[in-house]
Amino acid sequence: MNRKQRTLKLGTLAATIVALSAVATPAVASADTTTAIASSTVHVTVNAAAELGIVPNTALGVNTAVWDGHLLDAAIPSLLRGIGVTMLRYPGGSTSDEYNWQTNTVTGGYADPNNTFDNFMGVVQKAGAQPIITVNAGTGTPSEAAAWVQDANVTHHYGVKYWEIGNEMYGSWEAGNFANNPSGYAKEAVSFIQAMKAVDPSIKIGVDLIAPGTGEDDWNATVLSTMHSLGVLPDFAIVHWYAQNPGGETDAGLLSSTNQISTMMDTLKQQLSSYGTIPVFVTETNSVSYNPGRQSTSLVNALFLDDDMADWLESGAQNVDWWDLHNGIVTQQAGANVDPNLYGQYNYGDYGLLSNGSSDNGISEPAANTPFPTYYGYQMLAAVMVPGATMIGAGSNNDLVAVHATKLPNGAVDVMLINKDPKQAYTVDLQAEGFAAKGPAFTLFYGQGSNAVTPGKLDNLQNVTLPPYSVTDIIIPAVPGHQPQGPQFTDKTTLSTPQVKPSANETLTTTFTDTRGAVKDGTLDVEIYNPAGQLVGQQVQSGVTFTPGQSSQPITWNWTAPDSPGTYTVKAFVFSQDGTSVYAADPSAATFTVTQPDPPTISATVQLSATTEKVGTPVTITTTYTETAPTGYLNNGLLVQYAVYNNWTSSQQSNPTATLTPGQSVTETWTFTPEQAGTYTFPEGIFTSGWTQLQWINQNVTLTVTN
């Protein structure tokens, strides 16, 4: 966790799914839809023949910490098993780089005296999970880390397989950091790896990389090339991702931010490809980089968790760890954003899945170990991302409805539907490919008004309604499609260009040829998948009859590229008329690249609530930003509004996160309080999410402040 300005901080579901078949048929819990407008239809495709990969047993993790006074509570193992957690990270973010495991102490910080490594391992074992340990690469030494491996795997035979060399060592906020010195970190990492593997060669060790576009641009390349030159490579790459910065949170922005994951992961895979197969672990993620606010304890963050963690896994990550199990209250006085425009019931923030019962500034959390909404969001995710399940292609025709699906180990198909719309309910038109979507199916639901995940039963799969701000899991019993022995096909796809810019058209032409067996009333299906394995484009032709040797009429269509760069894959299928039989499945009919968008060109207009004011009187600044370039994009950038006093003698700022497409505008409002008499100006800086400046805008608007 990035603690540059961080406040802190002291202090099985599979069986449930099986049990659903025995329960009566309770109605699925409904959201409070009093503000919803009339329901509309969203078209959802789930393709069991489009296999994306297997959910690993390392997939679902949670961060734990030595300062957590409730880590050893008797209820914790059961609570972790209840949401399907398989990995526990320890000893806790930035604390890792000041932690001495032998004495259970933190330099300049706090460790609960009971939270020793051995006691942590007791929690791991009772929870049925496995640990990932972050060794101290800040104030610690390779020999200290090697001694930890000795104690864990030789003395106590814990069999700890996964280890990290430091936490966010690229960051200036870390003890003993290597900010702007990636080669120094690489050399340090090699020393640690050599010392640790001398004790136990079987362990897997990861190193800190940066999620592309969120930090120092050359860090990853330098770390990897330096380690390669020294003859040692990491066993896995570590990245962290927090979608927003504090003060700039918006609910719509958070829920749409997951579209960045495909590009980050695609870029990361390219950076790693020169060094063989190096898996990716996302060992920290949450909604905001520091000072969690109202949004972090809300249903919106639960919906984000589901889409966030599923996207990373579908794009190929082998592990995603939510930050964190317990954390602690953060009130407005301590920096929490409690803007009433953010959805939520609490006027404070907390990163934890569970409350730690803390209080501050007259506000108290619920009793310790009370689940926040993210706990239930995690439970909904774990029902789908079951270890050993096969992730399969899925998508919808509405950006506000996210879809993720798996084939469970028992053959059932589990579909998770996330409605990101705060007001609109949607009726699902489900197109099932490669399996029979027949009821009755079992359901899990969590949304507005829910106090827990609610099980239910669904007789008609064509009558699924998604209430506003909700997540629905549909577990469809095993009625698989089949691969007939007779018909076989080949296919050929041509592209108008191997590279296409955002908003430009890619023209695809696909021809199918029957090489064996007759087919009557078949369905031809050409699909486009983004780098995260999400179905983002589809062309279907039904009622087609083939005889051996016959070719189809070409399926030609123009597809408009989105603003998410990366490698896109075309998949081609031939199904029976009802979609259950798979005659052909080509998982890589073609590939093409959506290139980086053109740089943004943004205009900004500023309005003040007053042009003359007294010291100590709040002033509201309203700024409207507009993307004026016809092909320019701002992808999850920072719109930094400054209030500058006396030629930068001092300044205040607001830095909301935003995505702007050509012609789009967004209005941001914030309030600052002038502390000195004089003249204030209000320039804007447009930055990437990693604080690379894209544009500077000077304004002629001034504020005069008097005593």
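Val500 stands opposite Val594 in strand 29. That is where I'll start, and please keep in mind throughout that this is a predicted model. Strand 23 and strand 29, residues 582–594, are joined by 2 bridges and run parallel. They belong to an open sheet of 5 strands in the order 23-29-28-25-26, and the pairing in that sheet is mixed. Which strands stand at the edges? Strand 23, residues 499–500, and strand 26, residues 535–546; each has a single partner strand, so one side of each is left without a neighbour in the sheet.

Next, strand 17, residues 424–433. Of its 10 residues, 7 are buried, so strand 17 is largely enclosed by the rest of the structure. Strand 17 runs antiparallel to strand 20, residues 464–466, with 3 bridges joining the two. If you want a pair to look at on the screen, Thr427 stands opposite Thr465 in strand 20.

Now to strand 11, residues 319–322. In a regular strand the side chains alternate between the two faces of the sheet. Are the faces of strand 11 buried or exposed? Both are covered: Asn319 and Asp321 are buried on one side, and Val320 and Trp322 are buried on the other.

Strand 11 pairs with strand 2, residues 60–63, in the parallel sense, over 3 bridges. Within that pairing, Gly61 has Asp321 as its bridge partner. Strand 11 also runs parallel to strand 10, residues 280–288, and again 3 bridges join them. There, Thr285 stands opposite Trp322.

Side chains of opposite charge can pair when their charged atoms come close. How many salt bridges are there in this model? The count comes to 6. I'll go through three of them.

One is between Arg89 and Glu284, with the closest N and O atoms 2.9 Å apart. This pair links distant parts of the chain: Arg89 is in strand 3, residues 87–90, Glu284 is in strand 10, and 195 residues separate them. Buried here means under 20% relative accessible area. Arg89 has a relative accessible area of 1%, so Arg89 is buried. Glu284 has 0%, so Glu284 is buried too. Arg89 and Glu284 are also part of a network of salt bridges that includes Glu164.

Another is between Lys407 and Glu51, where the closest N and O atoms are 2.7 Å apart. Lys407 lies in strand 15, residues 401–407, and Glu51 in strand 1, residues 37–54, so the pair ties together parts that are 356 residues apart in sequence. What about their accessibility? Lys407 counts as partly exposed, at 23% relative accessibility. Glu51 is partly exposed as well, with a relative accessible area of 48%.

The last one I'll show joins the side chains of Lys197 and Asp235, at 2.7 Å from N to O. Lys197 sits in helix 5, residues 182–199, and Asp235 in the loop between helix 6, residues 219–229, and strand 9, residues 236–244; the two are 38 residues apart. Lys197 is partly exposed at 23% relative accessibility, and Asp235 is partly exposed at 22%.

The largest cavity has a volume of about 30 Å³. Which residues line the largest cavity? They are Trp101, Val135, Asn136, Gly140, Thr141, Glu144, Ala145 and Trp148. Helix 4, residues 142–155, gives the most to this lining, with 3 residues. By class, the cavity lining has 4 nonpolar, 3 polar and 1 charged residues.

Conventions:
Residues are numbered from 1 along each chain as its sequence is written. This is a predicted model: local features need pLDDT of at least 70, side-chain atom pairs count only at pLDDT 80 or more; totals for chains, interfaces and linings use all residues. Side-chain values use heavy atoms; hydrogens and water are left out. Buried means under 20% relative accessible area, exposed over 50%, partly exposed in between (1.4 Å probe, protein chains only). Helices (H or I, at least four residues) and strands (E, at least two) are DSSP runs, numbered from the N terminus. Two strands pair if DSSP finds at least two bridges between them. A salt bridge is a side-chain nitrogen of Lys or Arg within 4 Å of a carboxyl oxygen of Asp or Glu. On a 1 Å grid over the protein atoms alone, a cavity is a set of points where a 1.4 Å probe fits but cannot get out, and a pocket is an open set with protein on both sides within 12 Å along at least five of seven lines; lining residues have an atom within 4 Å of a point. Grid points are joined across faces, edges and corners, and a volume is the space filled by probe spheres set on the points. Ala, Val, Leu, Ile, Met, Phe, Trp, Tyr, Cys and Pro count as nonpolar, Asp, Glu, Lys and Arg as charged, and the others, Gly among them, as polar.
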